[in-house]
Each structure stands twice: as structure tokens, then as C-alpha cells.
Amino acid sequence: KCQVILTKINDPANFWFQILDKNHSEKLQHLEARMKEFYCGFNILTWKIRSRKIIKNPLIVAAPYRAEYYRGMIETRPFEGKVRVFFPDYGNEETVLCSEVLVLAEQFRELPWQGICASE
């Protein structure tokens, strides 16, 4: 028996959740706090992807969602300066400007994806 956090509900037979404990959700919160500090201000320029040719599917990146950066995975090729990003820790997808997609630093790749998909 464990507690979970629902992160995305597509329908009653298809939803995403995270395990709520110190080895899962708490580690993700800690990682995201470190990412917030790491990808702020001038440091962001260091991690910009310099060429759109590099942006492809699949590519693990740091991508914005609601003004903060999260771990994501490119799902589409760039089109009109935008890409579709899937956020495996939560199960949601967003269309993001290519210019806002950043290289995901190695230190944020250590924790496995925390989102779990439950579907029929």
C-alpha cells in the first residue's frame, strides 16, 4: 500500500501519477528546486541549444512549463520555431518555443522519470 499524487488525468482509464514518499516525489521536488536555481538568470545562456538541427525526437531537455524549467523529452521535429515536449515526470505535453529549450545538465539526469502511466 502506498500513497500517490495524480499528476495528469486523460480519462478514467488513462492517467499519470507519482509515488508519494521520500524516495520518489521528495527526490523529484529536491531535483526541481536545484533545477530552478541552476537555470535562472545569466546561467540560462550557457545551456541554450545553439542549433535547431540538434533539436530532434527523442532528445532529453530542460523545457519551460509555467515559467519554470522541468525535465522533458522532445516529441516532434521543430515546426515554425516550436516543438512538442513531453514531461515524463508528470505525463503532460506542451508546445514550446525552440529558443526556450535548454540542454539538460547531467546532474539532472540521474533520477529516473517519476511519472507512472496507468491505463487499461
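Residues are numbered from 1 along each chain as its sequence is written, and side-chain values use heavy atoms, without hydrogens and water. Because the model is predicted, local features need pLDDT of at least 70 and side-chain atom pairs pLDDT 80 or more, while totals for chains, interfaces and linings use all residues.

Rings of Phe, Tyr and Trp (its six-membered ring) pair if their centres lie within 6.5 Å; planes under 30 degrees apart count as stacked, over 60 as edge-to-face and the rest as tilted. The count by this rule is 11 aromatic pairs. One of them, Tyr39 with Phe108, is tilted, at 5.8 Å centre to centre and 40° between the planes. Tyr39 lies in the loop between α1 (25-38) and α2 (43-46) and Phe108 in the loop between β7 (102-103) and β8 (116-119), so the pair ties together parts that are 69 residues apart in sequence. Helices (H or I, at least four residues) and strands (E, at least two) are DSSP runs, numbered from the N terminus. Phe38, Tyr39, Trp47, Tyr69 and Phe108 form one aromatic cluster.

Buried means under 20% relative accessible area, exposed over 50% and partly exposed in between (1.4 Å probe, protein chains only).

| Residue | Relative accessible area | Class |
|---|---|---|
| Tyr39 | 4% | buried |
| Phe108 | 1% | buried |
| Asn92 | 11% | buried |
| Arg66 | 70% | exposed |
| Glu80 | 66% | exposed |

Arg66, in the loop between β3 (60-65) and β4 (68-74), has a positive phi near 50°. Glu80, in the loop between β4 and β5 (82-87), has a positive phi of about 55°.

Asn92 lies in strand β6 (residues 92-97). Its contacts (heavy atoms within 4.5 Å) include Lys8, Tyr65 and Phe87, not counting residues up to four places away in sequence.
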